Amino acid sequence: MKKIKNIVIVLLMATLLVACGNADSNDSADSKVKVGASLLTASHPFQVAIKESMESEATANDIELTVAIADQDLNRQISDIEDFITKKVDVIVLTPVDSDGIRGAIQKAKDAGIPVVTVDVKANDIEVDAHIATDNYSGGMIAAEAMQQLIDGSGEIGLITYPEVQSVRDRIDGFKKTAALYPNMKIVTELPGRTREEALTASQDMLTSNPSIKGIFGFGDDMAIAATNAISEKKSEAIVVGFDGLKEAQDKVTEPNAFKAVVVQHPDQMGKASMEVAKKLAKGESVEKEIAITPGLFVEGKGMVDVKVNGDKVELNLSE
C-alpha cells in the first residue's frame, strides 16, 4: 500500500512540474511583444528600406512583427488595421495611405486600447501615441534653397506632388516657404505624380506647357528620376532637385544629367525607431510624441554637404 501511495505522489509531482513548465512556456509566449505594421507600398525603395529595418530590429529584440502592404489602397489598409485589432496585437505601426482617410481606422485601434505609431506620413486630426518621421517641412526648405542656388536665384519652377499624403504636403509647403523669399524664382505649375510613371507624364506635361521651366522639384526619388528622364527626352535645360536620397537617386545625381541634388532621408533610422517605440509602448513605458529625423543634402560633384535650418533660414552654400 505504501508503494502505491509513493507512486501516486510521484505522478502528482510530475504532473505539477509539467503544468508549471507549460505555464512558464505560455507566459513566455504571452510576454512576446506583437506588432502589426501596415506600410504604404512595397514598390518604393524608401518604404522597402523602412520595412527591412523594422524586420531587422524586430528580430534583434524578439518582437513578433506582422507586416501588411497596403499598395496605396486606403480600403486595404483599413482592412489590415481591423485585422490587427481582431488579432489583439500590442501595437500598430503604420505609414498612412491617406492622411485624412485613415482617421477612422486609427480611432478603432484606440478604442480597442491598442497604441498606434505612425511612420514617415502623419495622420491628420487624430492623436497617435508617437510619430516618427523626417522633418519634412525643413527638408522642403532645404530643397528650395538648393534649387535657387542651382538656378542662380531666377527662373520658373514646377512641383510634382502627392496631395493625399501629409508628409509630401509638408515638403511642398516647406519648399514654397523658402521659394517665397526669392521673388525671381516663381512656381508656375504643380501636378500630381504618385508613381514613377505618373511623375513622368506630369513632368512631360510641365515641360510642354512651360518650356522655359528651369527647375522641377520631385517629392521622392522616383519622381525626381522620372523628371530627369522627361527633361532628357524633351532636351530641356531644366534641372531637378529630389527628396529621399536612396542609393539609386544618389547614383543618378553623380551622373551627368539634370538631377543635381537630393534631400537625404534616413529610412533605416525610422524603421529602427518604430520598433524601439513599439516595444516601450507595449510595456506601458512613456515615449516622445514626435521623433524627428533630420535630413541631409547630396549634391552633384560634392556628395553630402553641410546644411542647417535655423527658424525660417536655410544655411547652405553650394558655391564653396
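## Basis of the description

The model is predicted, and local features need pLDDT of at least 70, while side-chain atom pairs count only at pLDDT 80 or more and totals for chains, interfaces and linings use all residues. Residues are numbered from 1 along each chain as its sequence is written, and side-chain values use heavy atoms, with hydrogens and water left out.

## Helix α3

Helix α3 covers residues 74-86, where helices are DSSP runs of H or I with at least four residues and strands are runs of E with at least two, numbered from the N terminus.

Gln77, Asp80, Ile81, Phe84 and Ile85 of α3 are buried, meaning under 20% relative accessible area, with exposed meaning over 50% and partly exposed in between (1.4 Å probe, protein chains only). Seen down the axis of α3, these buried residues fall within an arc of 140°, so they line one face of the helix; the arc is that of the directions from the helix axis to the C-beta atoms. They pack against β1 (34-39), β2 (64-69), β3 (91-94) and α4 (103-111), whereas Asn75 and Thr86, on the other side of α3, are exposed.

## Thr118 in strand β4

Thr118 belongs to strand β4, residues 116-119, and counts as buried because its relative accessibility is 1%. Its side chain is joined to that of His131 by a polar contact of 2.7 Å (a pair of N or O atoms within 3.5 Å; within protein, one must be able to donate a hydrogen and the other to accept it, and residues adjacent in sequence count only if both atoms are side-chain atoms). Beyond its neighbours within four places in sequence, Thr118 is in contact (heavy atoms within 4.5 Å) with residues including Leu94, Pro96 and Val128.

In helix α7 (residues 196-209), the buried residues are Ala199, Ala202, Ser203, Met206 and Leu207. Seen down the axis of α7, they fall within an arc of 130°, so they line one face of the helix, and they pack against β6 (155-161), β7 (185-192), β8 (213-218) and α8.

Ile231 is found in helix α8, residues 221-234, and counts as buried at 3% relative accessibility. Leaving aside its neighbours within four places in sequence, Ile231 has contacts that include Leu207, Ile216 and Ala258.

Methods. Expected span 1.5 Å × (residues − 1).
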